[in-house]
Amino acid sequence: MNLKNQWIFFLILCLMMVSCSGGYSDPNQNIDVCTTSYSEKPPPLWIHDIPEDDETYSYKVGASSSFNDESDSRDDALNKAIMNSMTECGVTASYIDKFVTSVIDQNSSNPIETQYDGKSISKLKSFAYMVGIKDNEYYYEMEKCRQGKEKWKHKVLVTRPLDLCKRVDNWRIKTKAS
């Protein structure tokens, strides 16, 4: 077999292998294509550089986890910022993400059926607003994919009065004395 015939044989063999394998398959065809939109571009400076405390306020940023719902993302960012602000004053802060409804068996006191309903975060927000922690600015990133899924991430800048920690300390002293 001469060199020309060897090349022809090789090409035929390659074509047969490609046709048997089903042809070329794009390895990225199962990857969902997503686009990201932002509330503003470029992002505000406070996203990466939290403002210094001034004479009146301390500044904190809360960043949410990724959520399918925009309001859940905003709430998560705000709750984290409030908890950061309160923790700095030595207050242990937590919030209930969901509340539970249970049907209890009277004979054994064991739950028969348990349901998770809604969200209960209003107490934490009410307390924060009462002591002067306020949400000032929000920033979001929303990823929308070809399959129709949305993923939201929020960041929020909150202000906390600088005298809040002193007020908390005074309250602790007062309650210990009584």
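**A walk through the model**

Let's begin with Ser73, which has its place in helix H2 (residues 70-88); helices here are DSSP runs of H or I with at least four residues, strands are runs of E with at least two, and both are numbered from the N terminus. The model is predicted, so local features need pLDDT of at least 70 and side-chain atom pairs count only at pLDDT 80 or more, while totals for chains, interfaces and linings use all residues. Residues are numbered from 1 along each chain as its sequence is written, and side-chain values use heavy atoms, with hydrogens and water left out.

Is Ser73 buried or exposed? Ser73 counts as buried because its relative accessibility is 0%; buried means under 20% relative accessible area, exposed means over 50%, and partly exposed is in between (1.4 Å probe, protein chains only). Apart from neighbours within four places in sequence, Ser73 is in contact with Ser64, Ser65, Phe67, Trp152, Lys153 and His154, where contact means heavy atoms within 4.5 Å.

One of those partners, Trp152, takes us to the aromatic rings. Rings of Phe, Tyr and Trp (its six-membered ring) pair if their centres lie within 6.5 Å; planes under 30 degrees apart count as stacked, over 60 as edge-to-face and the rest as tilted. This rule gives one aromatic pair. Tyr140 and Trp152 form that pair, which is tilted, with 5.3 Å from centre to centre and 55 degrees between the planes. Tyr140 lies in strand S5 (residues 134-145) and Trp152 in strand S6 (residues 150-161), so the pair ties together parts that are 12 residues apart in sequence. Trp152 is buried, with a relative accessible area of 9%, whereas Tyr140 counts as partly exposed at 25% relative accessibility.

Now look at Gly62, in strand S2 (residues 57-63). Gly62 counts as buried because its relative accessibility is 1%. Not counting residues up to four places away in sequence, Gly62 touches Ala77, Lys80, Ala81, His154, Lys155 and Val156. Which distance separates the C-alpha atoms of Gly62 and Leu157? These atoms are separated by 6.7 Å, although the two residues are 95 residues apart along the chain.

Another ring to find is that of Tyr138: the charged end of Arg74 sits over this ring, 3.7 Å from its centre. A charge sits over a ring if NZ of Lys or CZ of Arg is within 6 Å of the ring centre and within 35 degrees of the ring normal.

Finally, visit Phe10, which is found in helix H1 (residues 3-20). Phe10 is partly exposed, with a relative accessible area of 45%.
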